[in-house]
Amino acid sequence: MTEQEQFDKAAEAIGRAKHLAVLTGAGISRESGIHTFREKGGVWDTVDAEKMATLEGFLADPEKVWKWYMGRYESVTAARPNPGHTAMAELERRVPAFTLITQNIDGLHQAAGSVNVVELHGSIRRIRCLDEGTTSSEWPRPGDALPPRCKCGALLRPDVVWFGESLPERAISDAFDAAGSCDVMLVVGTSAIVQPAGYIPIEAGQNGAFVIEVNPEETAITSLVHVSIFENAGSALPRLVEAAFK
Ligand code: BV8
């Protein structure tokens, strides 16, 4: 199939979808100026995930991990949604049943107007008490003593899922329920390496869904999807939504 034929098939599938499920990764936020993880120059090129994105790494040096997250929080809160995020919010309004599942922790889908967002890996906009599990959006300000502590005296942590940690039960069950019941799945901006998120599109395909991938590069699942649109999300998604409902 030519690129145009793949694009047309994707638009037609989205336009007739009864239940559209979308899985997004860091690539959809790339055009908002937020680094991805595994590309050249990505986050893990300069940061050791074992030390900075695991509970063991955090407990070993909570101040160092908090300093890293403070920097990421600054870039996330300075970022604005791009046309790719806006297109996802538009789809939620147009498709009879819609599930947006994201691996991203930046909150840009909600900022773009998406209402029901399944956050598989938590959110950098929340902090959580290590002992009580209570959450708050009161992120420490630059200059505050790090690591911040809860009133109960326990360490506070970013409310994100680190490597080796289980994903929120409700999020993972909502995501796999959607994968099992959607008739069309759109996968945007993920290398599909991180598990169990990377398995969601495979589950959808095995349940008979038509799977579309939007990514400028090949990924771990490109050989398994029905159509691939090798373009940036910020340009492809608005065009797809327009063509789907013209
Ligand atoms: C868990 C939050 C159970 C923190 C992150 C099999 C089963 C279960 C677990 C495992 C397994 N195999 C391995 C594991 C362990 C591990 C794992 O997956 N490791 C990987 C490295 C192999 N998984 C876990 O630990 C998970 N926990 O399974 O619990 C358990 C419990 C105990 C013991 C064992 C198992 C937890 C994983 C969550 C980790 N947290 N982040 C933070 O961010 O601070 S991961 C991090 O990766 C982000 O969440 C990110 O979203 C996610 C996935 O990365 P991507 O989004 O795909 O980003 P990436 O850079 O890789 O790719 C970007 C893509 O965008 C590229 O393809 C690029 O081409 C494209 N792109 C670029 N520009 C654009 C674009 N696309 C479109 N438009 C553009 N403009």
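An oxygen atom of the ligand is found 3.1 Å from a polar backbone atom of Gln-103, a polar contact in the sense of a pair of N or O atoms within 3.5 Å, where pairs within protein must also join an atom able to donate a hydrogen to one able to accept it, and residues adjacent in sequence count only if both atoms are side-chain atoms. The model is a predicted one, in which local features need pLDDT of at least 70 and side-chain atom pairs count only at pLDDT 80 or more, while totals for chains, interfaces and linings use all residues. Residues are numbered from 1 along each chain as its sequence is written, and side-chain values use heavy atoms, with hydrogens and water left out.

A polar side-chain atom of Tyr-69 lies 2.6 Å from an oxygen atom of the ligand, and a backbone N or O atom of Ala-233 lies 2.9 Å from a nitrogen atom of the ligand. Taken alone, the ligand exposes 1500 Å², of which the protein buries 77%; such areas come from the Shrake-Rupley method with a 1.4 Å probe, and for residues only the protein chains shown count as cover. The ligand is surrounded by 35 residues, the closest being Phe-37, Arg-38, Tyr-69, Arg-72 and Ser-191, where a residue counts as near if one of its heavy atoms lies within 4 Å. This shell divides into 14 nonpolar, 14 polar and 7 charged residues, with Ala, Val, Leu, Ile, Met, Phe, Trp, Tyr, Cys and Pro taken as nonpolar, Asp, Glu, Lys and Arg as charged, and the others, Gly among them, as polar.

In soluble globular proteins, nonpolar side chains tend to be buried together. The largest nonpolar core has 30 residues, and Leu-20, Leu-91, Leu-186, Ile-212, Leu-237 and Leu-240 touch the most other members; a core here is a set of buried Ala, Val, Leu, Ile, Met, Phe, Trp, Tyr and Cys residues joined through side-chain atoms within 4.5 Å. Among the elements that each supply at least two residues are helix 1 (3-16), strand 1 (19-24), helix 6 (83-94) and strand 7 (184-188), and helix 10 gives the most, with 6 residues; helices (H or I, at least four residues) and strands (E, at least two) are DSSP runs numbered from the N terminus. Leaving aside neighbours within four places in sequence, Leu-186 is in contact with residues including Ile-14, Leu-20, Met-88, Leu-91, Ile-212 and Leu-237, contact meaning heavy atoms within 4.5 Å. A second, separate core of 28 residues includes Met-52, Val-76, Ile-124 and Leu-156.

Helix 6 also holds His-85, which is buried, with a relative accessible area of 0%; buried means under 20% relative accessible area, exposed over 50% and partly exposed in between, with a 1.4 Å probe and protein chains only. Beyond four places in sequence, His-85 touches Ile-28, Ser-29, Ser-32, Leu-108, His-109 and Ala-112.

Most residues other than glycine have a negative phi, and most peptide bonds are trans. Ala-192, however, has a positive phi of about 60°, and this residue is found in the loop between strand 7 and helix 9. Pro-196 lies in the loop between strand 7 and helix 9 (200-206), and the peptide bond from Gln-195 to Pro-196 is cis, with omega near 0°. Another cis peptide bond joins Leu-146 and Pro-147, with omega about -5°.
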